[in-house]
Amino acid sequence: MNRILYADDCLKVLNDEKALPDASIDLIYLDPPFNSNSKYNLPFKGKDKTHKPVEAFVDIWKWSDEDAETLDDMSRDPRTRSLASIVQFAQGIEQMSGRRKASSLASYLLNMALRLRAMRRVLKPTSSIYLHCDPTASHYLKLLMDSIFGPNNFLNEIVWYYRGAGVPRNTRAKRHDTILWYARHKGSHYFNPDPIRRPYAQATQERFKHYIGNVRPTGDYGQQQLNPIGKHPDDVLDYIQPIAPSAKERLGYPTQKPLILLDGLVQSSTNSGDTVLDPFCGCGTTVHAAEALGRKWIGIDISKFSAGLIRDRILHNFKYLNADDVDLRGTPETVAEARALARQDPFEFEKWVCGYIGAEGMFREPGEKGADGGVDGVLKFFPVREGKKVKPEYAIVQVKGGNVTPDAVKALHETVRRYEATAGVMVCFANQLGTVENQRVKATFSDAWGSYPVIQGYSIEALLDDAQSLDLPLYGYKRRGAMLNL
Ligand SMILES: C[S@@+](CC[C@H](N)C(=O)[O-])C[C@H]1O[C@@H](n2cnc3c(N)ncnc32)[C@H](O)[C@@H]1O
């Protein structure tokens, strides 16, 4: 299988030798949480200003008893002792600086240390690993990388400099991320600069114009030669901008990275047919670049929302692929598994359904009371109205892993009105659809193509079978309405 998405903690997958055999990966790119002490939300531009956006993932760390035990084990094992010292060193710094919530950095580093270490096993001798981070923790992460991969295998620190708005009062504006690049074995690693060469500046081209394209004997300008296909890439990426709000590739996923950034890394560090792994793959930028470049790929994200979202992203952008070509693992495949997930982790169950049906938007905070009438997700679709520009309208998605009560259906309708959405979708197990059918208001809405019920039911069974899609205009394209970006 050339395209695999795991909805799981990457540590678990990285430690599974069947899933990821030794020395099987040509390139790892990871863009993990940065220890930013933030929650990242999925935006929903509803009209109700009182809504609370809900998170895609949390980047807040707190030292736990489990962390303490792990650190203890690590410091006893000679192979991981130096990693443990780095974590202890960070603890010391936190304590010295008198931070009240001490040890969030240490917890973050400990968790990263375990995962980075597990990545080493799966890398081929010719491979590279790129760790995307920012100055919040890049200096500590570099220590971890040195300890795991060896300082000798450090290749470079790539700075991604981007433009941005916002001028802080007391300091210079923060405008760069850092990408730490290591080889598994420096010297044997694959690197081809040609695909990422950039054209020379006009003045340079002018000065060297006699030489461009010619093999030049020694001469006035020393040994310098101009390669006909452009300048050798350096370690500052100053030509890649963050994804603009209106950009076609924007999916609304927080921290989504630009495709062109990943395109350059994948092209220069792998060959066609090689395997790329992104263990913190978010909305799948790395796997998108890998697919476009004819590489095999494996993406892992702990959020069950990501897998469905990425599958849609890939199927939407690469029409030669069928749903079966993308192997989803760690998400329910049978009704029994779906029921088990709904019981064990209702929040992840909701996220899974939302990702699977292409919904974006809001999720309740874990642990927050799940009041009926809440919003679990938002689906975009595109009614065609005569004489009007096609623009997205919204359906509120409510996911129920258990019984659907008549009140829940009424509440959904109420929520649709409150958010001034066009429709409401109740996703539940098939045996609950009757209640949706009986209780739903008979209201419909229409566009040039037909008329549609305002409140609709959709069963988990149908979703798993890919059997039926929702009755929403231009939602079709096999659930890829949300990706149209019209
Ligand atoms: C900064 S985002 C990655 C964004 C990604 N580069 C993109 O362009 O979409 C970090 C991701 O790591 C995921 N994550 C956090 N902890 C994880 C873990 N232990 N295993 C796998 N994924 C994890 C989060 O759910 C989040 O999607």
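**Ground rules.** This is a predicted model, where local features need pLDDT of at least 70, side-chain atom pairs count only at pLDDT 80 or more, and totals for chains, interfaces and linings use all residues. Residues are numbered from 1 along each chain as its sequence is written, and side-chain values use heavy atoms, with hydrogens and water left out.

**Confidence.** I looked up pLDDT, the predictor's confidence in each residue, from 0 to 100. The protein chain averages 85, and 85% of the residues score at least 70. Residues 44–54 stay under 50. I still find 25 contacts (heavy atoms within 4.5 Å) for that stretch beyond four places in sequence. Residues 216–221 are also below 50, with 9 contacts beyond near neighbours in sequence.

**Ligand.** I checked polar contacts, meaning pairs of N or O atoms within 3.5 Å; within protein, one must be able to donate a hydrogen and the other to accept it, and residues adjacent in sequence count only if both atoms are side-chain atoms. A polar backbone atom of Cys-10 is 2.9 Å from a ligand nitrogen. Ile-302 places a backbone N or O atom 3.1 Å from a nitrogen atom of the ligand. Lys-257 has a backbone N or O atom 2.9 Å from a ligand oxygen. Alone, the ligand exposes 610 Å², and the protein buries 95% of that (Shrake-Rupley method, 1.4 Å probe; for residues, only the protein chains shown count as cover).

**First sheet.** Helices (H or I, at least four residues) and strands (E, at least two) are DSSP runs, numbered from the N terminus. Strands pair if DSSP finds at least two bridges between them. I traced an open sheet of 9 strands with mixed pairing, in the order E8-E6-E7-E5-E2-E9-E10-E1-E11. Its edge strands are E8 (236–237) and E11 (327–329). E9 (275–278) runs parallel to E10 (296–301), joined by 4 bridges. Asp-278 has Gly-299 in E10 as its bridge partner. Helix H8 (285–292) packs on this sheet, touching E1, E2, E9 and E10. Its direction makes about 170 degrees with that of E10 (axes are lines fitted to C-alpha atoms, for helices over the stretch in contact; angles run from 0 to 180 degrees between N-to-C directions).

I found an open sheet of 4 strands, E12-E13-E14-E17, with mixed pairing. Its twist averages 30 degrees from one strand to the next. E14 (423–428) and E17 pair in the parallel sense over 5 bridges. Val-427 stands opposite Tyr-458 in E17.
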